[in-house]
Each structure stands twice: as C-alpha cells, then as structure tokens.
Amino acid sequence: MTTKIFAGAATFAALSLAATLSQAAEYNIRVGNWNPNSNHAVVNALNAWAEKIETESDGRIEVSVDKAIIGKPAGQYDLIRQGVVQAGWGALAWTPGRFDLSQVIELPFLSASGEEGSRKITEIWQENFADKEFTDTKLLALHVHAPGALHTKVKVASLDDLKGQKIRTLGSGVEWAEALGATAVVMPASKAHEALARGVADGILFPFDAIQSYRLEEILPYHLEVPNGLYTITFFFALNKEFYNSLPDDLKAVIDANSGPDLAAEIGRHWDQAAEVTYTALSEDPGHEVSLASPEMMAELESRASTVFDAWKEIATEKGVDADGILAKLAATGSGQ
C-alpha cells in the first residue's frame with residue numbers, strides 16, 4: 001500500500017511539474033527599481049502594469065519588479081538600454097542635456113495633476129520628439145508627479161521672503177529656484193531630511209506625498225502651492241528595444257496596448273492619490289499651514305518665470321522644434337507663458 005501511495009505521489013508530482021513547465025513564461029521582463037519604498041506610487045503603478053501584461057499575454061510574459069536596488073539612480077536608463085534589465089524607470093534630470101525637450105513639462109504652471117501632466121507630455125513626445133529622444137529604447141510612458149509645491153521652515157508670504165533661502169531642488173527647478181531669488185541646493189531626495197535638519201537647506205520643492213515619504217513633516221510646517229504646479233520632475237518608463245523587437249507580433253501588441261498616454265495617465269493617477277493623502281493630512285494638522293499663492297504673488301511668479309521659459313525655448317529652437325507651439329499645447333489648461 002505504501003509503495004502504491006509513493007508511486008501515486010511521484011506520478012502526481014511529475015504531472016504537476018510537466019504542467020508547470022508547459023505553462024512557463026516564454027519571455028521574462030525584469031523591471032529595474034531604484035526606489036526601495038514598496039509603497040511608493042510608481043512602484044504600485046509598475047506592479048499593476050506587470051499584472052496586466054501577464055494577464056493579457058495569457059502568462060506568456062512574466063514580469064517581476066525589482067525589490068532590491070541595482071545601479072545608481074543616474075544609471076537607470078543605461079541599464080535598460082544595455083539590457084541589464086528589460087525595463088525600468090528614472091528621472092530625466094539625472095542625465096542633464098540628454099532629454100531636454102521632454103523636460104518641458106517641468107516648467108512652472110503646466111501640470112494641473114500627475115494624471116493630466118503625464119498624459120500631456122507623453123502625447124507631446126509622441127507627436128514632436130519621438131525621433132529626437134528615447135530613440136534607443138522602447139519608451140512606454142513619460143510621467144510626472146502631482147503638482148510640485150514649496151515647503152519651508154518659515155512662511156513665504158511674498159517672494160522677498162525667499163531671498164537668501166536655500167531650496168533643495170533638481171532638474172529644471174535649479175534655474176527656477178534661482179529666478180525666485182533663492183539659492184538652489186541640488187541633492188538626491190534621499191538626502192533631503194539630513195540637509196534640512198542640519199540647515200544645509202531651508203526648504204524644498206517637492207510634491208506633497210514626498211513630505212510624508214521622506215519624514216519631513218516635523219521640519220517643514222509651511223506649504224505654498226500654486227495653480228497647475230510650481231514645478232514638476234519628469235520620469236521615464238522604458239523597455240529595452242532589442243527585447244521588444246524579439247517579441248512576436250501578438251505580444252508586441254500587448255505591450256503597445258499597455259503603453260502611451262493612457263499608461264502615463266495611470267501612473268500619474270497613482271501619484272495624485274498618494275499626494276492627496278498627505279495634502280489632506282497636512283491641511284488638517286494645526287501645526288501646518290497650507291496656503292495658495294495670492295493673485296499678486298502669481299503675477300510676480302509668472303513674470304519671473306519668463307527666464308526659465310526662454311531658456312527652454314532656446315534649446316528647443318536649436319533642435320528644430322516649434323517651441324511656442326509646444327508650450328501653447330501644454331498651457332491649454334494652465335496659465336503658461
């Protein structure tokens with residue numbers, strides 16, 4: 001009897017293994033992830049994307065989002081391009097001069113929400129920059145965080161209050177901070193808490209969710225927001241081009257159906273939801289003051305913004321792009337320039 005049971009168990013195990021092998025994925029996508037926070041808005045969005053790809057490919061594509069960091073943030077794009085990972089995400093600001101055109105969405109007052117800004121910049125790229133940037137990968141989406149705000153140790157009631165203030169920022173925010181009269185302090189977001197606590201920085205340009213993510217609530221009690229965002233940072237989500245080209249047409253179609261403006265908007269929506277949680281918490285906290293820029297301050301902000309808009313327009317024009325036309329599209333729902 002024991003022998004029969006053992007034989008039956010062995011047969012069942014063999015059949016199970018055969019079934020497993022027959023259902024094994026034909027292709028595997030490893031998504032590089034430099035952010036160790038498993039609850040980060042983009043990490044959640046990437047996991048949701050992975051589930052859709054696996055489901056819609058009937059399991060022929062298996063997707064895994066890294067839980068451990070590989071490489072430095074600035075090297076994420078090259079990890080994808082070189083095929084170290086099949087897909088990944090990162091900030092355009094980490095590689096200055098490489099994606100200047102797509103960084104246009106980082107200019108002030110152009111992104112009413114993460115969802116809208118992400119959709120708009122991906123559409124703009126498809127229509128205007130696809131032959132100029134991200135040509136060596138399969139770009140799945142460009143995306144931005146929720147509208148950026150200014151968070152400070154002391155209240156900023158007018159732009160005069162920013163004189164002499166050291167503001168942590170990144171990317172296009174460097175020129176913008178200086179145009180506002182502040183001193184730009186460039187550093188990774190992971191260093192923000194230490195810099196603010198030690199007085200290396202007096203404030204930060206951040207989306208609201210990052211205040212909670214980086215434990216800055218006790219350091220920065222004042223929060224200034226403006227309609228359509230004071231700034232934003234652009235991120236990419238890309239796939240290795242050779243890997244994409246190796247797929248059969250029906251699986252390429254699965255990837256294509258889960259890329260582009262709709263995917264960008266979905267990633268941005270995750271970020272909006274995360275920002276809303278922190279925004280609500282800070283607004284209801286008596287130890288914090290969340291204020292909206294006054295009409296007088298907005299007029300001054302828009303006047304000073306002309307320098308950063310002109311700088312981008314010069315770069316775009318040199319690269320053969322209709323800078324004014326692009327800005328007009330982006331500013332359709334914002335104040336723009």
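In which sense do S3 and strand S10 (residues 234–240) pair? They pair in the antiparallel sense, over five bridges. The model is predicted: local features need pLDDT of at least 70, side-chain atom pairs count only at pLDDT 80 or more, and totals for chains, interfaces and linings use all residues. Residues are numbered from 1 along each chain as its sequence is written, and side-chain values use heavy atoms, with hydrogens and water left out.

**View 1. Strand S3 and its partners.** Strands (E, at least two residues) and helices (H or I, at least four) are DSSP runs numbered from the N terminus; two strands pair if DSSP finds at least two bridges between them. S3 runs parallel to strand S1 (residues 27–32), with two bridges joining them. Val31 has Ala87 as its bridge partner in S3, and Gly88 stands opposite Ala238 in S10.

**View 2. The two faces of S3.** In a regular strand the side chains alternate between the two faces of the sheet. Ala87, Trp89 and Ala91 on one side of S3 and Gly88 and Gly90 on the other are all buried (under 20% relative accessible area with a 1.4 Å probe, protein chains only; exposed is over 50%, partly exposed in between). Five of the five residues of S3 (residues 87–91) are buried, so this strand is largely enclosed by the rest of the structure.

View 3. His143 is found in strand S4 (residues 137–144) and counts as buried at 1% relative accessibility. Its contacts (heavy atoms within 4.5 Å), leaving aside neighbours within four places in sequence, include Trp89, Phe235, Phe237 and Trp271.

**View 4. The largest nonpolar core.** This core (buried Ala, Val, Leu, Ile, Met, Phe, Trp, Tyr and Cys residues joined through side-chain atoms within 4.5 Å) has 103 residues, of which Ile29, Trp49, Ile255, Leu301 and Trp312 touch the most other members. Helix H11 (residues 295–318) gives the most to it, with eight residues. Not counting residues up to four places away in sequence, Ile255 touches residues including Ile29, Trp49 and Leu140.

**View 5. Residues around Asp100 and Ile315.** Asp100, Gly171, Ser172, Glu175 and Ile315 lie nearest the centre of the second largest pocket, which is lined by 14 residues. A pocket is an open set of points on a 1 Å grid over the protein atoms alone, where a 1.4 Å probe fits, with protein on both sides within 12 Å along at least five of seven lines; lining residues have an atom within 4 Å of a point. H11 gives the most to this lining, with four residues.
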